[in-house]
Amino acid sequence: MTTTDNSGDVRLSGIGKTYGSFTAVHPLDLTVPQGSFFALLGASGCGKTTTLRMIAGLEEPSSGTVHLGDQDVTHLPPYKRPVNTVFQSYALFPHLDIFENVAFGLRRRGIKSVKKQVEDMLELVQLGEQARKKPHQLSGGQQQRVAVARALINHPKVLLLDEPLGALDLKLRRQMQLELKRIQTEVGITFIHVTHDQEEAMTMADTVAVMNAGRVEQLGSPTDLYENPQTTFVANFLGTSNLIEAEVDTRSGGDIVLKAGGGKLVLPEARCSAPATAGGKVLVGIRPEKISLTHADDAGAIPEGRNRLTGRIVDASFIGVSTQYVVESPVCDELAVYVQNVERDGRLVPGADVVLHWSPAHTFGLDAAQDIDAGVETVEEEAA
Amino acid sequence: MSTLTEAPPPLVSAEPAKKPPRKRGRFTPYWLLLPGILWLVVFFALPMIYQASTSVQTGSLEEGYKVTWHFATYWDALSEYWPQFLRSVFYAASATVLCLLLGYPLAYLIAFRAGRWRNLIMILVIAPFFTSFLIRTLAWKTILADNGPVVHTLNTLHILDLTSALGWTAGDRVLATPLAVVCGLTYNFLPFMILPLYTSLERIDGRLHEAAGDLYARPWTTFRKVTFPLSMPGVVSGTLLTFIPATGDYVNSELLGSTDTRMIGNVIQTQFLRILDYPTAAALSFILMAAILAMVTIYIRRSGTEDLV
């Protein structure tokens, strides 16, 4: 690769949107490189769809510019932008059949012989048989594929997807996620995907931007976001985190030693996003699946150098591959622990005294000035 | 075994308690239909039968009319009054087209652009109904008066020369010409065009416009390829609601027209109320009804709106 094609780059510079006194999107800078699968993740009303609509040209930004490659498209109407959108609930034309829906963009650009292209595209999304049906005769999943085909056939530089899987049931959604990922790899177009489903964002995207209240909280690869959340919102919104308030005791080598409930916890300095001064507070975070549970009677067998907390099991639910425990501890009322069902210890039942322990390397530190529950409720709302 | 023999009693005792409401429920739809059906029978079906029998009667006012199955009345009526039939269809069609041209942009504006003015504009559309049909039509007599400002302006701009050449007006007046009748019809039936148009435009999902724009359609193309086809149900019902009553209308011709602009409605009215030739009047009514039914059927078939969601 001697020449890098950047015509599919999307660059947002200081782009923001206000409606009267309400700020939907705070000015933000974002670069999505050509050919990547980028997800904007956030709860409803966080500004992710507004951001997408500003890229599509359906919404005029209040400030900032939108560049596609080297072209400034900020003030171009949608029909002049080389981007296409897969709309939430698809917005298929009800009076046109599937073939004409897919051919719509080609015909508008004055292309006469559309038959071959449309048939190929319908083949790609496995709808060759349905060409002469009307949209309302198709199932939700099929309509969704028509919407993707209708957008992709124009070979846009960027494909925008606005919660395209929101109306599908869970099983179909999982299937379509893999399908979309396959299509993206096949056509190599930049995809920008808006979703509130963190699992969807993590399985599909190369890069995820987590948005909250009109701002990008954190941007990175799914692994990076999951392992190194920088804010409590990200820690709670992406998966589940145990957050424990602790006081900074000393710093030694590359580690920070903290005091929590009489115990001692070690946190690698590199994994702490908060300024840690002796005597100050930080939030110690640990993912539930990183914690091991040992019955209090066997506490002596736990290797040295691991972070440990004592507690009592209050609830245990068996969910097949793992068992999810809720543990009450002096430092935190409810600690979640997920244990793989490899060798189950029969003594780990509600009421049992246990020691929770984990490798310090899995610990992360967050600024204690934040709301410890940020992002928690929203996840529950979406799940309901 | 013992459980089997014990189980039935509650079932038996439950049955009689369940039955009465089901029996009553079965007849509810018919009771609900009854008032409407009675109304239709008394005020529609019976008069129709009575009129049908009138149309095949012969006789005179003095000697009384008798059913003689004289179908020739139909032929006589048609051969004598076909120009009025054609004129009615032509006037009604012209008024319908004018209503569509005037009403569509307004309905579009109310549906998509009016914002908080929407309700006010809707009230303005319906407002004429608060005054009598007759008074509104008489007002047009004043508007189009020979020495009024409208005719004066049209004369100054030499527009009347053009319309006179086309046969729509006569000399330098508008009143008592086809143009005046068509104007009156258009004015009186405009709300019947706007309301169904508005209803079907308002139902169009705004995201379809966005989707069309996103797929490279300019605003005008979006209108032609998406908005207009989707508003076809409104266009069809609006044109029907305008065309059908306009064809049979006689008030506009009576008040704004002259003997040269008589429509079939005027003929029927005269036959019934002045000449008192009931068989001819009844036959004309049936011919008009059949003609409208035939035209409407062809129109609905051709427009293919049953295919739209």
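1. In chain B, 69% of the contacts with a separation of 6 or more are between residues 24 or more positions apart; two residues are in contact if their C-beta atoms, placed from the backbone, lie within 7 Å. For chain A the corresponding share is 67%. Please keep in mind that this is a predicted model, in which local features need pLDDT of at least 70, side-chain atom pairs count only at pLDDT 80 or more, and totals for chains, interfaces and linings use all residues. Residues are numbered from 1 along each chain as its sequence is written, while chains are lettered from A and ligands numbered from 1 in the order in which they are written.

2. Now the outline of chain B. Its C-alpha atoms fill a box of roughly 105 × 75 × 35 Å along the principal axes. The radius of gyration is 28 Å, whereas a compact globule of 309 residues would have one near 19 Å; the radius is taken over C-alpha atoms, and the globule rule is 2.2 Å times the number of residues to the power 0.38. Chain B has 14 helices and 2 strands, where helices (H or I, at least four residues) and strands (E, at least two) are DSSP runs numbered from the N terminus. Of its 309 residues, 30% count as buried. A residue is buried if 20 or more other C-beta atoms lie within 10 Å of its own, exposed if 12 or fewer, and partly exposed in between, with C-beta atoms placed from the backbone.

3. Chain A comes with 9 helices and 20 strands. Its C-alpha trace spans about 80 × 45 × 45 Å along the principal axes, and 40% of its 384 residues are buried.

4. A helix pair worth a look in chain B is H3 (residues 72-113) with H11 (residues 232-248): they pack at an angle of about 145 degrees, with axes 9 Å apart. Axes are lines fitted to C-alpha atoms, for helices over the stretch in contact, and angles run from 0 to 180 degrees between N-to-C directions. H3(B) passes H11(B) in a right-handed crossing; a crossing is right-handed if the near helix is turned clockwise from the far one by less than a right angle, and left-handed if anticlockwise. Among the residues in this contact are B:Ala92, B:Cys99 and B:Gly103 of H3(B), and B:Gly238, B:Phe243 and B:Ala246 of H11(B). By class, the contact has 9 nonpolar, 7 polar and no charged residues. Here Ala, Val, Leu, Ile, Met, Phe, Trp, Tyr, Cys and Pro count as nonpolar, Asp, Glu, Lys and Arg as charged, and the others, Gly among them, as polar.

5. In chain A, have a look at H2 (residues 98-108) and H4 (residues 140-152), whose axes come within 7 Å and cross at roughly 30 degrees. That makes H2(A) roughly parallel to H4(A), since angles under 35 degrees count as roughly parallel, over 145 as roughly antiparallel, 65 to 115 as roughly perpendicular and the rest as oblique. This crossing is right-handed. A:Ile98, A:Asn101, A:Val102, A:Phe104 and A:Gly105 of H2(A) meet A:Val146, A:Ala149 and A:Arg150 of H4(A), giving 5 nonpolar, 2 polar and 1 charged residues.

6. Buried residues of H2(A) include A:Ala103 and A:Leu106. The buried residues of this helix pack against S6, H3 (115-124) and H4 of chain A. Just after H2(A), A:Gly110 takes a positive phi of about 75 degrees.

7. Finally, the interface: 18 residues of chain A are in contact with 17 residues of chain B. On the chain A side, strand S6 (83-86) and H2 are the elements that give two or more residues, and H2(A) gives the most, with 3 residues. That side divides into 10 nonpolar, 5 polar and 3 charged residues.
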